[in-house]
Amino acid sequence: MKHFINLNDVSDVKELVLEGLHQKANPLANQNLGKNKTIGLIFFNSSLRTRISTQKAAINLGMDVIVMNVGSDSWQLEFEDGVIMDQGKAEHIKEAAAVLGQYCDIIGVRAFAEFKSQEDDYREIVLESFRKYAGVPIVNLESATRHPCQSLADLITIEELKTRTRPKVVLTWVPHFKALPQAVANSFAEWVNETDYDFVITHPEGYDLAPQFVKNAKVTYSQEEAFADADFIYAKNWSSYSQYGQVLSQDPDWRITPEKMALTHNANFMHCLPVRRGLKVADEVLDSPQSAVIQQAGNRVWSVQAALKKILEEL
Ligand code: CP
């Protein structure tokens with residue numbers, strides 16, 4: 001694998017899920033693969049899971065790790081071509097990415113949607129600039145539109161927990177007061193659409209995800225209808241795509257409660273974390289044996305370890 005930026009970089013999703021499960025069973029089996037190789041992790045935004053799980057995976061593969069927070073640890077970066085840089089941004093991505101590529105064998109980048117322009121966010125300016133100028137493989141640590149390390153961990157978790165060959169998997173919108181990106185929901189839909197799971201997306205009107213991510217998934221505005229006979233409830237808030245970045249609803253009726261989970265086929269509860277208790281999901285659900293959120297977060301190590309292994313094998 002050359003990069004791990006989006007699903008187009010993955011030749012076989014099923015095989016990559018199996019690789020993740022294999023890495024989990026044999027964490028140090030490839031500890032010489034990354035020997036004398038350095039991964040640089042570049043964060044434009046905060047992180048707990050992605051930062052630590054990627055460091056852990058890289059260490060398991062024998063790599064050295066360097067972490068940098070853009071802005072606080074480095075110069076502010078300019079991404080536009082042809083501008084006169086007479087404002088606050090001191091360095092252009094053309095030099096910054098190329099220089100980082102001199103120091104690192106692989107670069108991981110986290111850069112959320114900025115919500116200034118739907119077109120710019122969906123063009124993935126930051127990740128694609130790193131791909132263009134760094135000259136080394138790039139790993140997406142959550143970009144404006146996608147979070148593949150999370151989605152691969154999600155599929156690994158579903159494979160571990162499923163009790164039916166073709167589980168019913170529900171992606172449900174949950175309320176939040178703040179405008180959050182669509183990246184996790186987009187990516188989850190994109191990856192689940194590569195499986196043969198029965199996939200349903202439910203959200204209030206106005207929250208349809210971009211069609212290229214929804215594809216042939218069933219979409220319903222009735223959360224109760226979606227939950228019937230479900231094996232997995234994947235909760236996530238996202239802001240509107242059609243009215244880009246807007247919060248159109250904070251309806252608390254979309255919160256996940258024990259009563260709603262009772263409609264399901266004894267479903268596991270999933271969330272990428274961090275999660276705001278009480279706002280999106282009741283404590284009783286998060287603290288129940290059906291909650292898979294810690295296992296899901298644990299699997300973040302094995303998802304990125306599988307992706308890094310594939311990249312290292314081609315370096
Ligand atoms: N799920 C996830 O990406 O968590 P962090 O934002 O803490 O990395």
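**Notebook: rings, a buried helix and a helix crossing**

I looked at Arg-51 to begin with: its charged end sits over the ring of Phe-43, 4.3 Å from the ring centre. The criterion I used is NZ of Lys or CZ of Arg within 6 Å of the ring centre and within 35 degrees of the ring normal.

The model is predicted, so I kept local features to pLDDT of at least 70 and side-chain atom pairs to pLDDT 80 or more, while totals for chains, interfaces and linings use all residues. Numbering runs from 1 along each chain as its sequence is written, and side-chain values use heavy atoms, with hydrogens and water left out.

**Aromatic pairs**

I paired rings of Phe, Tyr and Trp (its six-membered ring) when their centres lie within 6.5 Å; planes under 30 degrees apart are stacked, over 60 edge-to-face, the rest tilted. The count comes to ten aromatic pairs. Tyr-122 and Tyr-244 form one that is edge-to-face, 6.0 Å centre to centre with 80 degrees between the planes. Tyr-122 lies in helix α4 and Tyr-244 in the loop between β10 (232-236) and α10 (258-261), so this pair ties together parts 122 residues apart in sequence. Helices here are DSSP runs (H or I, at least four residues), as are strands (E, at least two), numbered from the N terminus.

I checked burial (buried under 20% relative accessible area, exposed over 50%, partly exposed in between; 1.4 Å probe, protein chains only). Tyr-122 is buried at 19%, and Tyr-244 is buried at 18%.

Trp-173 and Trp-254 also pair edge-to-face, at 6.0 Å and 85 degrees. Trp-173 is in strand β7 (residues 168-173) and Trp-254 in the loop between β10 and α10, 81 residues apart. Trp-173 has a relative accessible area of 0%; for Trp-254 the value is 9%.

I also noted a cluster in which ring pairs link Phe-115, Tyr-122, Tyr-241 and Tyr-244.

**Helix α5**

Which residues of α5 (125-133) are buried? I found Ile-125, Val-126, Leu-127, Ser-129 and Phe-130. Their cover includes β1 (38-43), α3 (93-103), β5 (106-110), α4 (118-123) and β6 (138-140). Gly-135 follows α5 and has a positive phi, near 75 degrees.

**Helices α1 and α12**

α1 (residues 13-25) and α12 (residues 293-314) pack at about 115 degrees, with their axes 8 Å apart. I took axes as lines fitted to C-alpha atoms, for helices over the stretch in contact, with angles from 0 to 180 degrees between N-to-C directions. In contact (heavy atoms within 4.5 Å) are residues including Glu-15 and Leu-16 of α1 and Asn-299 and Trp-302 of α12.
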